Amino acid sequence: MSSSTEWPLWEVFVRSRRGLSHTHAGSLHAPDAEMALRNARDLYTRRSEGVSIWVVPSAQVTASSPDEKDSFFEPAGDKPYRHPTFYEIPEGVKHL
Amino acid sequence: MTATLALGDDALVLSHRLGEWAGHAPVLEEEVALANIALDLLGQARLLLSMAGDEDELAYLREERAFRNVQLVEQPNGDFAHTITRQLYFSAYQRPLYEQLASGGSAFAGLAAKAVKEVAYHQDHAEHWTLRLGDGTDESHDRMQRGVDALWRFTGELFEPVEGLEIDWRSLRSDWLESVSAVLDRATLTLPAGPQSGAWTAGAGRQGIHTEPFGRMIAEMQHLHRSHPGASW
């Protein structure tokens with residue numbers, strides 16, 4: 001199959017249960033969004049892994065570049081005061 | 001017993017046919033979709049055949065004439081359009097059939113209620129592909145129409161009453177015809193002609209008479225078990 005006739009790529013996000021956010025599960029090929037959703041159901045939620053699915057065309061994802069890794073992520077490393085580590089987590093809070 | 005075997009064999013045989021697509025489907029995603037449908041059907045078949053006796057013995061050691069499935073489900077996969085047509089015809093039958101069973105008081109009520117959700121997805125999958133192929137390119141339209149025409153003669157058998165099933169067969173048939181003709185119409189496909197636009201019947205699968213490709217199919221399905229009785233891994 002040549003690349004010009006191959007179906008476009010989609011990224012799949014699955015919410016595993018209520019209260020959690022969607023997380024990236026993987027990607028798949030499909031001719032359009034409707035079919036992508038169905039394929040995602042078959043590929044990623046067959047063992048009751050999810051209660052909700054999002055599909056996004058991979059071409060629409062803007063990603064950070066590995067070349068900019070240092071300027072993007074390095075400055076965060078030595079600033080512990082940016083992390084909420086000085087609080088006690090109240091009892092009964094589950095998804096923090 | 002008759003009814004249990006009829007339902008169980010329909011599920012088992014169609015499951016095996018769909019399983020034959022593994023390694024051959026047009027795209028990987030579709031291969032998984034067909035295998036999922038096959039596994040749903042296999043689950044139904046196991047429950048049903050266990051109600052009738054030993055599931056392995058029934059699946060692997062019966063002769064061709066002892067199977068009670070309709071001839072529609074044993075038809076070879078053909079091209080992808082052919083497989084989708086078979087699935088469309090069968091799921092449009094199985095869904096209202098199991099809905100009726102689920103609301104009745106028979107021994108099938110429990111498993112039918114569970115299976116109805118699976119079958120609803122099978123039907124949705126088949127309808128989507130029917131629309132895409134029928135209303136797609138000239139070639140996909142022609143292939144889909146060919147499938148619709150070729151399998152039509154096996155659909156009459158679906159509505160022959162089965163002993164032991166408390167079913168309103170007339171309404172089952174009208175439900176089936178309504179949903180199938182609505183999809184074919186939207187897919188720009190032509191409903192084949194037949195008595196009252198209903199299906200003309202060719203099959204006697206419920207009586208154990210099967211079409212020629214079925215013998216080869218069960219030979220392959222039963223080969224391993226017959227060569228190595230009781231083998232497990």
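Predicted model: local features only at pLDDT ≥ 70, side-chain atom pairs only at ≥ 80, totals over all residues.
## How the terms apply here

User: Why are helix 2 of chain B and helix 6 of chain B called roughly antiparallel?

Analyst: Angles run from 0 to 180 degrees between N-to-C directions, with axes fitted to C-alpha atoms, for helices over the stretch in contact. Helix 2 (residues 28–52) of chain B packs against helix 6 (residues 109–134) of chain B at about 160°, the axes being 11 Å apart. Under 35 degrees counts as roughly parallel, over 145 as roughly antiparallel, 65 to 115 as roughly perpendicular and the rest as oblique. The pair is therefore roughly antiparallel.

User: Which residues of the two helices make the contact?

Analyst: Contact requires C-beta atoms, placed from the backbone, within 7 Å. Helix 2 of chain B brings B:A33, B:I37, B:D40, B:Q44 and B:L47, and helix 6 of chain B brings B:L111, B:A115, B:E118, B:H122 and B:H125.

User: How confident is the predictor in chain A?

Analyst: On the pLDDT scale, from 0 to 100 for each residue, chain A has a mean of 85, and 95% of its residues reach 70 or more. Confidence in chain A is highest in strand 3 (residues 52–57), at 96, and lowest in helix 2 (residues 69–73), at a mean of 80.

User: What does each chain give to the contact between them?

Analyst: Chain A gives eight residues and chain B six. Helix 2 of chain B gives the most to its chain's side, with four residues.

Notes: Residues numbered from 1 in each chain as written. Chains lettered and ligands numbered in written order.
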